[in-house]
Amino acid sequence: MEIRPPIDFYVKAIGDSDKFMKILKTLGKLGFRTVVIAYNTLDRECIFPKDSINILKLGESIGLTTFIRININSNSKGDLKKCLRKIRAKVDVVSVEPKTLDVARFSGRDKRIDTVFFNYNDLVNFYDESQAKLMSQNGIALEIPFKHLWHVGKFNYKMFFFLKRVIYYTLKFKVPLIVSSASSEIVDIKSPGQLTSLLEVLGLPEDYAKMAITSYPLAILKRNLHKKSRKHVQRGIDVVS
């Protein structure tokens, strides 16, 4: 399977296939070549999407490479552990939205998790030096969904200042960074340039900002495809033919 950037790492799956096809076509016209389609679940429910095969076929029919991800909204470390055991092998990408500090710290350590993302208030409360260090040490990416920031109300100076601090920690500890649209409507869709411009405005160098829709998401998808392949036995062990 060929995985080509730029990548929108978070596009929310919706039940209306005609409407979703329009979203995918718009993403393709804007220049995206790979799209990761997200389903949401609570940790205690851990529901796997039943229509994911049909959703993937929609993207493939218009020349997009598509993957399935699960977003786990979690406020219990115990429930999150159970959900990860149940669902990790069934999806291409696992992302966690922690709702407590304990879950945030756990999500920064568990390598079954690919990305961690927060709403604005939880980003303020949980993403500090300790969180950034953990995520960097374990290769877990911080994801910034564009829609989550612009749906919290007025984008004011206080918010701008804090997000610059987030970028500072991310650069200081070399945390992998991904920016995605989190779109579920045509109006939510952002072009590759719009996504990276957000990061540049916050102080991220241009080359690093581009990696947030190219190198970093690409590395996650390739790593997870390899883990699913027959050649991979367990961490550090591959079958060589």
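This is a predicted model: local features need pLDDT of at least 70, side-chain atom pairs count only at pLDDT 80 or more; totals for chains, interfaces and linings use all residues.
Residues are numbered from 1 along each chain as its sequence is written, and side-chain values use heavy atoms, with hydrogens and water left out.

**The disulfide**
- C46 and C83 are joined by a disulfide, S to S 2.0 Å (the cut-off is a pair of cysteine sulfur atoms within 2.5 Å).
- The count by this rule is one disulfide.
- The link of C46 and C83 is right-handed, with 85° about the S-S bond.
- C46 sits in the loop between β2 (34–42) and α2 (52–61), and C83 sits in helix α3, so the pair ties together parts 37 residues apart in sequence.
- Helices (H or I, at least four residues) and strands (E, at least two) are DSSP runs, numbered from the N terminus.
- C46 is buried too, at a relative accessible area of 5%.

**The positive patch**
- K81, K82, R85 and R109 form a positive surface patch.
- Patch residues have over 30% relative accessible area and no salt bridge, with like charges joined within 9 Å.
- A salt bridge puts a side-chain nitrogen of Lys or Arg within 4 Å of a carboxyl oxygen of Asp or Glu.
- K82 belongs to helix α3 (residues 77–87).
- K82 is exposed, with a relative accessible area of 53%.

**N121**
- N121 lies in helix α5 (residues 120–126).
- N121 is exposed, at a relative accessible area of 54%.
- N121 and N156 are 35 residues apart along the chain, and 14 Å separates their C-alpha atoms.

Technical notes
Patches are made of residues with over 30% relative accessible area and no salt bridge: like charges are joined within 9 Å, nonpolar side chains (Val, Leu, Ile, Met, Phe, Trp, Tyr) within 5 Å. Accessible areas come from the Shrake-Rupley method with a 1.4 Å probe; for residues, only the protein chains shown count as cover. Lys and Arg count as positive and Asp and Glu as negative; His and the chain ends are not counted. The place of a charge is taken as NZ of Lys, CZ of Arg, CG of Asp or CD of Glu. Buried means under 20% relative accessible area, exposed over 50%, partly exposed in between (1.4 Å probe, protein chains only).
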